[in-house]
Amino acid sequence: MLKIRGLNKSFNKFKALDALDMNIARGSIYGLVGQNGAGKTTLMRIVSGVLGSDSGSIKIDDMDMKKQYSRIKEKIAFMPDSFAFHYNITVEEYIEFFASCHGLEGLRARQIYTKLLHMLSLEDKMQSLVGSLSRGMQQRLSLARALINDPEFIIMDEPTSGLDPKTNYSFKELIRQLNSEGRTILISSHMLSELAEVCTDIGVIDHGHMVIESSLSDILNKFNNTNPIKIRIMDKEDKAFKIFKEDKNVRYVSARDGIFFIKFTGNKKDEAALLKKLVSQDIPVSEFMREEAKLEAFFMDITASNKERIIIENDY
C-alpha cells in the first residue's frame, strides 16, 4: 500500500525527517509512535500531500506521489490532530462544504454525508453549531469530513488525544470498523500502549528516524523473550537450581524464598521442555510464567540514545 524510501525534510536548520524508510501493508492498522517532536506530524502531512518533502520517494499502490498525486489524492484522507473549525456554522453546513470540495452536490451529497453522520452518531447534531460540540463530537465530525470521498487509506494524527475514556474507546471501535471495511489506516500517538490496543503493525520514530517497524505480535514476542521467567518452587530448590544450571538457555538465575527469576533465551518450546523436566524430577512447581512486557518501558528503551536497539526484520 505505502512504501517510503529515504525521506528527508528540514525546516531551516532543523532536520525533521532524516532518510526515513517506511512500509505499510494494505489492510493494516499501522500505529506510528514517537515522542513530541519526533517527526510524526511532518511525516503524515507529507504522506497526505499537505506538505512537500526535500528528497526521497513515496509510493502508494506503486504510484509515485510526486508524479501521480492527482490519482493518489482520491485514495487517501487526512485527519489532522487539530484544525480550524468554523465554529459559527452548523454541522450540516460544515460537512456539505467539504462534500462540495470533492464535487459532491445536491441529493447525492446529502445521501453520502447523512449516512456518514448517522454512522458517527452525529445525525441529531446536523443543525447544531460546530462550536457547541464536545471534543469527542468534533473529532467524529473531523472523521466524517475525512471519509466524504470514501478513501482507501486514512491518515489520523493523534485522533484520540484529549478524549475521555468512554469516547476514546468508542473512537477505537470506529477505527476497527473502518478497517474491517477494507480500509488501510495510519494512526499516530506518543503512547505505544495506546496504539497497541487497536493496531496490527507498529513503527517507532525518533528524531526523524524509523527506529523499528514490524507487526505488533512480532514486537511483543521479541520483547517478551527478553524478560525473565518467574518460577515458584515449593520444595527441592537445590535440585531445581541444578537443572537450571545445566540448561543451555539459562543465562543467569536469581532466587528468593522459593521464587526463581531466570534469564532464559529459548523459545516457547524450550520453555515447555524446561517445565516438563522440572515436573519429571518431582519438583513441585506452583508458578511458571514469563514476566509481562511493559510496552512503555520498551518504547523508552528503543528510543534511548546510548542503548542497543532491538531490530526486527520486515517482509513486506
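# A walk from rings to cores

Start by selecting Tyr94, Phe97 and Phe98, which together form one aromatic cluster. Before going on, know that this is a predicted model, in which local features need pLDDT of at least 70, side-chain atom pairs count only at pLDDT 80 or more, and totals for chains, interfaces and linings use all residues. Residues are numbered from 1 along each chain as its sequence is written, and side-chain values use heavy atoms, with hydrogens and water left out.

**Stop 1: rings and charges**

A charge sits over a ring here if NZ of Lys or CZ of Arg is within 6 Å of the ring centre and within 35 degrees of the ring normal. Now select Lys9 and Phe11 for another such case: the charged end of Lys9 is over the ring of Phe11, 5.4 Å from its centre.

How many aromatic pairs does a search of the whole structure find? The search finds 3. Rings of Phe, Tyr and Trp (its six-membered ring) pair if their centres lie within 6.5 Å; planes under 30 degrees apart count as stacked, over 60 as edge-to-face and the rest as tilted. Select Phe244 and Phe260 to see an edge-to-face pair, with 5.1 Å from centre to centre and 65 degrees between the planes. This pair links distant parts of the chain, as Phe244 is in helix H9 (residues 237-246) and Phe260 is in strand E13 (residues 259-264), 16 residues apart. Helices (H or I, at least four residues) and strands (E, at least two) are DSSP runs, numbered from the N terminus.

Phe244 counts as buried because its relative accessibility is 0%. Phe260 has a relative accessible area of 2%, so Phe260 is buried too.

**Stop 2: an open sheet and its helix**

Next, colour strands E2, E1, E4 and E5. These 4 strands form an open sheet in the order E2-E1-E4-E5, with antiparallel pairing. Two strands pair if DSSP finds at least two bridges between them. At the edges are strand E2 (14-24) and strand E5 (63-64), each pairing on one side only. Zoom in on E5: 2 bridges join it to strand E4 (residues 55-60), and Lys59 stands opposite Asp64 in E5.

Contact means heavy atoms within 4.5 Å.

Follow the chain to Gly52, in the loop between H1 and E4. Gly52 counts as partly exposed because its relative accessibility is 43%. Leaving aside neighbours within four places in sequence, Gly52 is in contact with Lys9 and Ile46.

**Stop 3**

Now select Asn149, in the loop between helix H5 (135-147) and strand E7 (153-156). Asn149 counts as buried because its relative accessibility is 15%. Apart from neighbours within four places in sequence, its contacts are Lys73, Glu74, Ile76, Ala77 and His102.

Step along to E7. In a regular strand the side chains alternate between the two faces of the sheet. Both faces of E7 are covered: Phe153 and Ile155 on one side and Ile154 and Met156 on the other are all buried. Strand E6 (residues 76-79) runs parallel to E7, joined by 4 bridges, and Phe78 stands opposite Ile155. Strand E8 (residues 184-189) also runs parallel to E7 and is joined to it by 4 bridges; here Phe153 stands opposite Thr184.

**Stop 3: the cores**

A nonpolar core is a set of buried Ala, Val, Leu, Ile, Met, Phe, Trp, Tyr and Cys residues joined through side-chain atoms within 4.5 Å. Which residues have the most contacts inside the largest nonpolar core? Select Leu117, Leu143, Met156 and Ile202, in a core of 46 residues. Helix H5 gives the largest share of this core, 6 residues. A second, separate core of 27 residues includes Met1, Ile24, Phe153 and Met210.

Finally, zoom out: the protein has 11 helices and 14 strands, and 48% of its 316 residues count as buried.

Notes
Buried < 20%, exposed > 50% of the residue type's maximum accessible area, 1.4 Å probe, protein only.
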